[in-house]
Amino acid sequence: MGMGTRAMARIGGGIAATALAAFVAAPAWAQDVLGQPTPGAIDLQPAASPLKHEAIFFHDVVLMPIITVITLLVLGLLIWIAIRYNKKANPVPAKWSHNTVIEVIWTVVPVLILVGISLFSFRLLFAYHDTPEVDLTVKVTGNQWNWAYEYPDQGVAEYISNMTPEDKAPAHLYRLAADEPMVVPVGKTVELLITASDVIHAVALPAFGLKTDAVPGRINHTWFKAEKTGIYYGQCSELCGVDHAFMPIQINVVTEAEFAAWVASKGGSMTKKADEAAAAAAAAAAPAAVVDEAAASAAAAAAPAPTAAAPAAPAAAAAPVAPAAQ
Ligand SMILES: [Cu+2]
């Protein structure tokens, strides 16, 4: 009996060790590609923005261990009860039906677990809510079925981002790649102002940890700060109609110089916001200058008048003379 138990424990331990090794080695099954889904990979997409790092921490360090322990505990209890208290092993069952201590435990312990999870959960929610100082604002509008991007501070007018057709996109990027991507500089805090023109869509981009609804008549916001240059893919994540699967989100993260060049190619200016701010500040700080300017322009407008009135001048000059003549 003792031998049998020990052998079983050894086999059980072997299975557990194998499972653990497989779990730990899982990332080696398929090398994750940053910014896009990888065939055969498991786990979350690798992070390329602070929010995603925090979301991965919440998932890997907080939730998964709790879920694993609870699952193993319940599995162990089920096995124990099935073996120890089946009809053969336990022909005469106990008759008691209540145990106050155990009922308090199985009420209080889950509450404590949920409170513990909620602390980390709220911390993550606040991180999403509390946008750091913004370097760039992009307005994102969901349409049936494409995305429109606009850079109000750089004067880049709204443009439409359509899915790259199947015959032009690499097979693994079909339904992820777009013809006119959103372009942002690396290492800058980008705020997205998100709305929709028709039905509810959702901006989702796994590598940045983004998932925010695009609701008509409402502006939602989220943010990211891309840590590496590259191309990142996401998709509309709210069932929005028949072509819901065909409105991908592609974000190209580039260097600052490349971003400036792209803005210029779109007819915008990196200094537009700064220029306007400087002009507004100058106008506010020196109202006298504005008055002077107004006076100057009035004078300029009036300038032709003396010329026009010139023929009348002799008459006016002559007027005082008239009484003398009388
Ligand atoms: Cu959509």
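Two residues are counted as in contact if their C-beta atoms, placed from the backbone, lie within 7 Å. The structure is a predicted model, in which local features need pLDDT of at least 70 and side-chain atom pairs count only at pLDDT 80 or more, while totals for chains, interfaces and linings use all residues. Residues are numbered from 1 along each chain as its sequence is written.

By this contact criterion, and leaving aside residues up to four places away in sequence, Val 184 touches Leu 136, Val 190, Ala 226, Ile 251, Val 253 and Phe 259. Val 184 is also among the residues with the most contacts inside the largest nonpolar core, together with Val 140, Val 203, Leu 205, Phe 208 and Tyr 232. A nonpolar core is a set of buried Ala, Val, Leu, Ile, Met, Phe, Trp, Tyr and Cys residues joined through C-beta atoms within 7 Å. A residue is buried if 20 or more other C-beta atoms lie within 10 Å of its own, exposed if 12 or fewer, and partly exposed in between, with C-beta atoms placed from the backbone. The largest core has 37 residues. Its largest share, four residues, comes from strand β5 (residues 189-196). Helices (H or I, at least four residues) and strands (E, at least two) are DSSP runs, numbered from the N terminus.

Five strands form an open sheet with mixed pairing, in the order β3-β2-β1-β5-β8. The edges are β3 (156-161) and β8 (220-225), each of which pairs on one side only. Two strands pair if DSSP finds at least two bridges between them. Strand β1 (residues 136-143) runs parallel to β5 and is joined to it by seven bridges. Thr 137 has Glu 191 as its bridge partner in β5.

The loop between β1 and β2 (146-151) holds Trp 145. A cis peptide bond, with omega of about 0 degrees, joins Gln 144 and Trp 145.

Two residues other than glycine have positive phi values. Asp 43, in the loop between α1 (2-25) and α2 (50-84), has a phi of about 80 degrees. Asp 43 is partly exposed, with 15 other C-beta atoms within 10 Å. For Arg 175, phi is near 75 degrees, and the residue is found in the loop between β3 and β4 (182-185). Arg 175 is partly exposed, with 15 other C-beta atoms within 10 Å.

The unreviewed UniProt entry annotates residues 61-83 and 104-126 as "transmembrane region". UniProt positions are given in the numbering used here, feature names are shortened, and annotations may be inferred rather than shown by experiment. Residues 61-83 are 100% helix and 0% strand, with end C-alpha atoms 33 Å apart. Residues 104-126 are 100% helix and 0% strand, and their end C-alpha atoms lie 33 Å apart.
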